[in-house]
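Please keep the sequence and the model in view while reading.

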Amino acid sequence: MNAGDLIKVFSTCENLPIDVNDVLRELKAGGCEDDIEFIGVDFDTEILQGKIKVFHLRDGLYGAETRRCVNIYYHRGHDPNWQRLIACKELLHVLDPDWALTNTIGDIERLAEKIGLPPEMQDPQGDGLDANVDRLAEWRAAALLLPLAARDLLMPAYKEGKISLAQIAILADIPRKYVAFVMMDTWPSVHALLVK
């Protein structure tokens with residue numbers, strides 16, 4: 001399974017909010033065998049919002065099989081809507097190809113520097129592939145947590161001013177900034193690219 005396939009599965013969901021554990025279950029149903037755990041920790045959110053750590057454990061001695069384990073860390077002091085978005089975004093990194101992984105402390109520090117910059121200081125062309133893969137995961141998480149079918153149901157009321165972005169954010173239980181992007185007229189085109 002890839003991220004596009006996962007987004008397709010959820011794109012027909014009309015009921016909000018989408019539970020991140022349902023995303024995890026679908027990932028497992030699609031063949032992911034990783035042991036995945038969500039863990040709330042204290043982060044300096046000016047530097048880091050979430051983190052994924054992948055490691056291998058041996059189930060015994062002397063040639064025993066190893067299993068891949070994944071810890072997904074999110075800031076426990078965040079509002080639940082941010083916790084959900086961050087947990088889902090980090091979960092999607094399980095699907096990243098090997099070339100998109102950061103493996104050294106230096107790589108992680110450089111990535112944190114790039115993605116931690118304010119939007120006006122980010123440079124998609126110069127920041128490197130790993131930073132852009134990380135940013136892409138945010139929009140994939142938004143596509144999962146505010147599926148296309150739910151968006152389409154809300155769109156007439158939104159266009160008529162009967163429901164606001166803030167109200168949709170409460171329904172989807174994700175941060176308003178992501179709702180604003182998903183409710184843009186261009187979102188279906190972006191969504192089509194995300195499921196490729």
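Leaving aside residues up to four places away in sequence, Cys 32 touches Leu 27 and Val 94, where contact means heavy atoms within 4.5 Å. The model is a predicted one, in which local features need pLDDT of at least 70, side-chain atom pairs count only at pLDDT 80 or more, and totals for chains, interfaces and linings use all residues. Residues are numbered from 1 along each chain as its sequence is written, and side-chain values use heavy atoms, with hydrogens and water left out.

- Cys 32 is located in the loop between α2 and β1; helices (H or I, at least four residues) and strands (E, at least two) are DSSP runs, numbered from the N terminus.
- With a relative accessible area of 15%, Cys 32 is buried; buried means under 20% relative accessible area, exposed over 50%, and partly exposed in between (1.4 Å probe, protein chains only).
- Cys 32 and Met 1 are 31 residues apart along the chain, and their C-alpha atoms are separated by 7.9 Å.

**The chain as a whole**

- The protein chain contains nine helices and three strands.
- Along the sequence, these elements follow the pattern α-α-β-β-β-α-α-α-α-α-α-α.
- The protein chain has 196 residues, of which 40% count as buried.
- Among the contacts in the protein chain with a separation of 6 or more, 64% are between residues 24 or more positions apart.

**Helix α2**

- In helix α2 (residues 20–29), the buried residues are Val 20, Val 23, Leu 24 and Leu 27.
- Viewed down the axis of α2, these buried residues fall within an arc of 100°, so they line one face of the helix; the arc is that of the directions from the helix axis to the C-beta atoms.
- The exposed residues Arg 25 and Ala 29 are carried on the face of α2 turned away from its buried side.

**The sheet**

- Strands of a sheet pair through backbone hydrogen bonds, in either a parallel or an antiparallel arrangement.
- Three strands form an open sheet in the order β1-β3-β2, with mixed pairing; two strands pair if DSSP finds at least two bridges between them.
- The edge strands, β1 (35–41) and β2 (50–58), each pair on one side only.
- From one strand to the next, the twist averages 25°.
- The pairing of β1 with β3 (residues 66–75) is parallel and runs over seven bridges.
- Val 41 has His 75 in β3 as its bridge partner, and Glu 37 has Asn 71 in β3.
- The pairing of β2 with β3 is antiparallel and runs over nine bridges.
- Leu 57 stands opposite Arg 67 in β3.
- Seven of the ten residues of β3 are buried, so this strand is largely enclosed by the rest of the structure.
- Helix α3 (residues 80–92) lies across β1, β2 and β3 and runs at about 150° to β3; axes are lines fitted to C-alpha atoms, for helices over the stretch in contact, and angles run from 0 to 180 degrees between N-to-C directions.

**Aromatic rings**

- Four aromatic pairs are found in a search of the whole structure; rings of Phe, Tyr and Trp (its six-membered ring) pair if their centres lie within 6.5 Å, and planes under 30 degrees apart count as stacked, over 60 as edge-to-face and the rest as tilted.
- The ring centres of Trp 139 and Phe 181 are 4.4 Å apart and the planes stand at 45°, so this pair is tilted.
- Trp 139 belongs to helix α5 (residues 129–145) and Phe 181 to helix α8 (residues 176–182), so the pair ties together parts that are 42 residues apart in sequence.
- Trp 139 is partly exposed, at 23% relative accessible area, and Phe 181 is partly exposed at 26%.
- Phe 181 and Trp 187 have ring centres 5.6 Å apart and planes at 80°, so this pair is edge-to-face.
- Trp 187 is buried, with a relative accessible area of 0%.
- Through ring pairs, Trp 82, Trp 139, Tyr 178, Phe 181 and Trp 187 are linked into a cluster.
- Lys 53 lies over the face of Phe 55, at 5.6 Å from the ring centre; a charge sits over a ring if NZ of Lys or CZ of Arg is within 6 Å of the ring centre and within 35 degrees of the ring normal.
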